[in-house]
Amino acid sequence: MATLAEAPAPQSVSALDFARRHGASLAVGLFLLLLLLHGLLPAWSLVPPEAWALPFATWINSFVVFLQEDLGLVVVTRGIADAVQFLLDIVRNLLTGGRRGFGLQAVPWVMLVALALIWGHYLKGWRLAALAGGTVFYLALFGQWRNAMLTLSMVFVTVPLAVLLGFGLGILAFKSRRAEQALNPLLNIMQSLPHFAYLIPVVVFFGVGQHAGALATMIFATPPMVRMTLLGLKGVPENVVEAGIMAGCTRAQLLLTVQVPAARNAIMVGVNQVIMQCLAMVVIASFIGASGLGYDLLLKLQSLRIGQALETGIAVVLIAIALDRLSQAWAEKQPLHRERRPWWQEHIHLLLAVVAVVGSLVLAHFLPEARRFPRGLTLTTAPLWDGLVDWITLNLFDALQVVRGFMLVEVLIPLRDVFLWLPWVAVVIFAGGLAWSFGGLRAAATVAGFLLFIVLSGWWERAMITSYMVFSALVICVLIGIPVGIWAASREWRFKTMQVMCDTFQTFPSFIYLIPVIMLFQVSDLTVILAVVIYSVIPSIRYTMIGLRAVPSQIVEAGLTSGCTPLQMLWKIKLPLALPTIMVGINQTILFSLFMVIIAAFIGTRDLGQEMMRALSASDTGKGLVLGFCVAFLGLTADRIIGDWSARRKRQLGLA
Amino acid sequence: MDSFKGAYPSAHAADVESGTQPKIACRQVWKLFGPDPAGFMARHGGNPSAEDCAREGYISAVRDVSLEVAAGEILIVMGLSGSGKSTLVRCLSRLIEPTAGEIDVDGVDLLGAGPRELIELRRHKMGMVFQNFALLPHRTVLENVAFPLEVQGVDKKSRRQRALEIVELVGLKGRENYYPRELSGGQQQRVGIARSLAVEPDIWFLDEPFSALDPLIRREMQDEFLRLQSMLHKTIVFITHDFDEALRLGDRIAIMYHGVVDQLGTAEELVLNPATDYVAEFTREVPRANLLSVASVMQPGESAATGGEPVRASQRISEVAPRVLAGDGPVPVVDDQAHPVGVLTRERVLDMVFGQGRGAGGDAG
């Protein structure tokens, strides 16, 4: 780009125009040129010299000390920590019995099974009832009860707090343009910070333990609620708002009786997202001492007790699916008029719930087994799974070892070396050039700023290792995801089935995906990449499918009447039109991969994630946050470039 | 509402006394969209041309509109999409702030009303119906209709009572507890109409109320609208892009084009004397025989006609055409007091209905 700036003034406009039109090719060309000249480039342009590294971490840490000690924030944070701990204790003791549960004994497991059944039936009928009731019964039957109750108590405390906080901020952003402008970039960064990045500052400000986990979870889960509240309020049709004004609403009446209720659907989607985010984060919060299923899972994975880990994992997955479906059914439940019925029919579910509560308490009084599931009756399938793992190790070890060895030695390690060999100058020019040609000068400046931060943070090489793993995973995801998406989009039933599968797999907390891969491949880069692929292939499939199905039927018919073969239809009509949507999917795949690569750090990687784990165990906020920003900026760079491209392409195609 | 009347000294006190005061009067109303509309107006002496707007990136949705609506009148504002008709009605209800101009309601300056007064005005004096019904999805029919009463704090029993009455008035009895999405489009708009009438407003704004409905339902709703108006006698500003609808419902029609009211008059005036080519284009396909009166087609004067039984000047051409066309001489025309006022010839009727005649005293001699 420097050469362009030096172009003589009279021609500069047309030269700029030309460059702009071919910006992408120019960026690629310049990138390749720099790679060819690799040997001639000065050393500082290859790997950022250590002397350049700015002490961001130290600055942040001294700022934290200033906040905590000089400003006395420590009093505030301690107060918050105590309040959250208090809430947690109450909910927890109600569920499992204890001092702060108002002296009550633990809730009988039969009561929770019954309530889950009734709630599920109320929201959507028998199938949901079976899912919800069955999940609770699984927890009792497989001896996961206590840990599950700990996890659920975290969810029950964090979800309402995150919903309230997000809802309030959403309304604030809706009411004040300035607040929205301030919140928007903050939310962008928050949503691209990996889970771990939230843990470290929370540890510094709030210490370790249950309450710290809850706070990290709450902060992590709030952004989607803010976004959905804002989106919902903005999406209320203008006519409806005008109708409210013409009815003579005051501003407060307009907000509370017109806008918020009319935005209910979007807001409920936000609640659903908060629940899922909370569950995912509660599992990961086990790293900072939040007990429950996540902690259990962590211990079992670390000691490679795969069978038991799998059982715990299934408990987490079941809870995730059940909570997701319940909250979705709640969000989708639309009011219907009914003929007048006797009051007991009108409130049948409420009555049943009361009966269930009273009945189970009475039952538990006489029959202790109804309160605590008898230990002798619990089942476990762990030996079966351990046997399977043993069998795999014994019989498939050589074969798997060959695959693993080949992939590592022939593919992954050379690829990693290429990434490490790339001069940072070339990478910045490449990304900046693409951003410039798709989104203009501002986009280019933003992207360059993101990458320069990484250069100056001193974590360039680690960031390149992270990028290499994300890139490898991305390639596999695209190779799998797009064909599967094409396959699924071609028939109605495949589309529907695949959508249900995508929905289901996406609800699993990312952590879970590590279990099966460790079973097969033990610990290595390959394991990490495979786990990442399983997790992040979903958006590639989903958006390919959606993009292809969204091609207007008249265009397809026009293709058919022009005599396209099915293959021509795909190549010449459907794929080009679906490409912008597919790219949105790929963008998400990249973000998902980044998160998962970082999470996978705890089974052993050598990238930003590993450093983040170290920062976590040393409670080093500064380092942790700087690493978090590095990850976030990698994600935001990809997001900006692909997002701009996709938006531009949609405009060109007239789809936007 | 008395307080509102009293709050602002009327600019037209004389009109009030003479009893001819319009219900709504707007003078030189402008609505510009752009970075600094007020400054832009000031720079161009309060009258920027279309070129000025285009050059500086302003959009003039409403340009220098002056019109009056009499009490009990149905004024139709007619134009295609983007003509500014919706913006104009939103200026009249102050859903949008006009950039310049004056608007009086009952002789009181509407633009001077503060937020509180505006809320009072909307709670008692204005009702509005929207194109896409704009019902509140989370409320039943009854709750939607009672909503304007609810926000002004009417107690639950009386607002229920009132809502039930109006729901019955618009023909939705038995559907009170349905939710909007359980109703057809026509039924939903009946709810919209009922809601706008709940507070018994004097002024009724209807913004393309029937445009989203099927043609047959639309026709039915137009009849329903006329039935209601014959009972309620509201002052109405009715927006539409459908000229047939305008002809059926309107006392007077304002045709808007690029933010300007090209012409305002009765349907007959528009057809006979279109002020601009645009209006002429619009009115070309109108079935004239149903629209024009004998008076507008006859040759005026007291000439002695031979054609026997006279026709009345106020009759429509379609009513008298069979007689005039069947007879061979000119037919005498009389006014309502049976004074002869002119003659109607066969040639004139044929020319008017099928040709391009321009009405009484026109070129067709």
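Predicted model: local features only at pLDDT ≥ 70, side-chain atom pairs only at ≥ 80, totals over all residues.
Buried area is taken here as the accessible area, computed with a 1.4 Å probe, that two parts lose on being put together, summed over both. On the side of domain 1 of chain A, Phe196(A), Ile200(A) and Ile306(A) supply 18% of the area buried against domain 2 of chain A, more than any other three residues. Domain 1 of chain A comprises 62–335 + 359–380, and domain 2 of chain A comprises 381–421 + 460–656. The contact involves 43 residues from domain 1 of chain A and 36 residues from domain 2 of chain A. Their C-alpha centres lie 27 Å apart, and the count of salt bridges between these two domains is 0.

Chain B is likewise assigned a domain 1 (2–125 + 201–283) and a domain 2 (290–354). The centres of these domains of chain B, taken over C-alpha atoms, are separated by 36 Å. In this pair, 5 residues of domain 1 of chain B are in contact with 6 residues of domain 2 of chain B. The area buried between them is about 410 Å², with 77% from carbon and sulfur atoms. Glu268(B), Val271(B) and Leu272(B) lose the most area on the domain 1 side, together 85% of what that side buries. Between the two domains of chain B, 0 salt bridges are counted.

The interface of chain B and chain A buries about 2100 Å², 64% of it on carbon and sulfur atoms. On the chain B side, Arg122(B), His138(B) and Arg181(B) lose the most area to chain A, together 21% of what that side buries. Contact is made by 28 residues of chain B and 20 residues of chain A. Across this interface 1 salt bridge is found; Arg90(B) and Glu242(A) form a salt bridge with their closest N and O atoms 2.6 Å apart.

Over all chains, 33 salt bridges are found. In chain A, Lys496(A) pairs with Glu492(A) in a salt bridge at 3.4 Å between the closest N and O atoms. The two residues are separated by about one helical turn because they are 4 residues apart in helix 22 (residues 492–507) of chain A. Glu492(A) is partly exposed, at 41% relative accessible area. A network of salt bridges links Arg462(A), Glu611(A), Arg614(A) and Lys623(A).

In chain B, Asp202(B) forms a salt bridge with Lys23(B), the closest N and O atoms being 3.3 Å apart. This pair links distant parts of the chain, 179 residues apart: Asp202(B) is in the loop between helix 9 (185–197) and strand 7 (203–207), and Lys23(B) is in the loop between helix 2 (13–18) and strand 1 (24–33). Lys23(B) is buried, with a relative accessible area of 13%, whereas Asp202(B) is partly exposed at 31%. A salt bridge also joins Arg162(B) to Glu200(B), with the closest N and O atoms 4.0 Å apart. Arg162(B) lies in helix 8 (residues 156–169) and Glu200(B) in the loop between helix 9 and strand 7, so the pair ties together parts of chain B that are 38 residues apart in sequence. Glu200(B) counts as exposed, at 51% relative accessibility.

Technical notes. Residues numbered from 1 in each chain as written. Chains lettered and ligands numbered in written order. Heavy atoms only, no water. Domains from an automatic or database assignment. Contact = heavy atoms within 4.5 Å. Salt bridge = Lys/Arg side-chain N within 4 Å of Asp/Glu carboxyl O. Buried < 20%, exposed > 50% of the residue type's maximum accessible area, 1.4 Å probe, protein only.
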